[in-house]
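Reader: I'm new to this one and would like to get my bearings. Could you walk me through it a step at a time?

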Amino acid sequence: MELTMTNQPPANRPPRRGRHWIVAAVTTPLAPLLLGASLLANNGWHGCATRASAHPCSSSIWTALATLGFWAVALASTVAGLVVGLVEGRTRRRFAHGRRLSMTVVGLCAPWALAAYAAGYGLGRLLPAHHPRPLRQPRRSAGIGGWQQAVQLYQSLAAGQQPPAVYAPDLPAAGTVYMDVPFRFARWFGANVTYQPGDMVAVGSPGFVAGAAVGRLIGTSIGYAWAASLSRRQWRGHDLTRVVVDATATWCQVRGRWLRYDHTAVVSYQVADQSSVLTFEAIDPLRLYGPSAWCHAVLFAYLRYGPPWQTAPFLHPVRQAATQMAAVPR
């Protein structure tokens, strides 16, 4: 028998995931230590309060710190367990990533965190599966039909033809109409949202007062974060809108009311995939989302800039596609 030795390295195995469970197993033993210190201090305080004594009962700063630390660790681990469980349940991963030793340590030291993780994991399994989406390849438009129509419209206008007119009798203020299609309509602006926390008075043992203080601090932080999230500038509205384009303006029928956006007031125009963004000087930016975004871009450039409309920077993908189609022999 002949044995052959090779120096080939072993096949690379994928790294094992779930290292956050190791971190949790290392940090959660802090919770029972803080809980024990807090309970000992509370028992001493209650014992002092029940005994008849001429001296008032007082608690040290370490008692308050131990109580605050325990509540902070308990609440943070509970919220983290719920969120992690929900995410891992939706992605259909193994319970605790199969790290049984780490899970056992977490369950012994912080059973509330493991219970929150289990609840989140079960809820995540009931929700539709969520798999990480692969990186999207660059694309000109999600609506193939809308992109082809935009290229054909560009070719016809570049050849000297006039844009086709459409019939829109319910908008007499507009002149000759060249587009009448549905879009998703959104505006980019912020909102004035304020949050005013309520008053709180807590009377009792040091543990109760510290727990109430931690709960108020967390609730106040969540309230301010919620108000900041609602007040920041973002795309708002997203209404299904009828969009009509004439020679000088783009009309949007939003909730039964017609809004006019003059083409001459647009200082910047951007288009990508199915989204056209119009920026103005005096009003908030406008976004139109739909398969006809590229057709709107071609019409806007033609009606807004006149003869040099073909050199508009945002029409470069359409111009390149039209050139390639023209070079193909028929």
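Reader: Is α8 largely enclosed by the rest of the structure or largely open, and how many of its residues are buried?

Author: Bear in mind that this is a predicted model. A residue counts as buried when its relative accessible area is under 20%. The buried ones in α8 include W294, V298 and Y302. The helix is largely enclosed by the rest of the structure, because the buried count is 11 of the 13 residues.

Reader: What span should α8 have, and what do its end C-alpha atoms give?

Author: Take 1.5 Å a residue, and the 13 residues of α8 should span 18 Å. The C-alpha atoms at its ends agree with that, since they are 18 Å apart.

Reader: Is α6 roughly parallel or roughly antiparallel to α8?

Author: Their axes are 8 Å apart, and the packing angle is about 20 degrees. Angles under 35 degrees count as roughly parallel, so α6 and α8 are roughly parallel.

Reader: Which residues of α8 make the contact with α6?

Author: α6 passes α8 in a right-handed crossing. On the α6 side, the contact includes W147, Y154 and L157. On the α8 side, it is made by W294, C295, V298, L299 and Y302.

Terms used:
Residues are numbered from 1 along each chain as its sequence is written. This is a predicted model: local features need pLDDT of at least 70, side-chain atom pairs count only at pLDDT 80 or more; totals for chains, interfaces and linings use all residues. Side-chain values use heavy atoms; hydrogens and water are left out. Helices (H or I, at least four residues) and strands (E, at least two) are DSSP runs, numbered from the N terminus. The expected span of a helix is 1.5 Å times one less than its number of residues. Buried means under 20% relative accessible area, exposed over 50%, partly exposed in between (1.4 Å probe, protein chains only). Axes are lines fitted to C-alpha atoms, for helices over the stretch in contact, and angles run from 0 to 180 degrees between N-to-C directions. Angles under 35 degrees count as roughly parallel, over 145 as roughly antiparallel, 65 to 115 as roughly perpendicular and the rest as oblique. A crossing is left-handed if the near helix is turned anticlockwise from the far one by less than a right angle, and right-handed if clockwise. Contact means heavy atoms within 4.5 Å.
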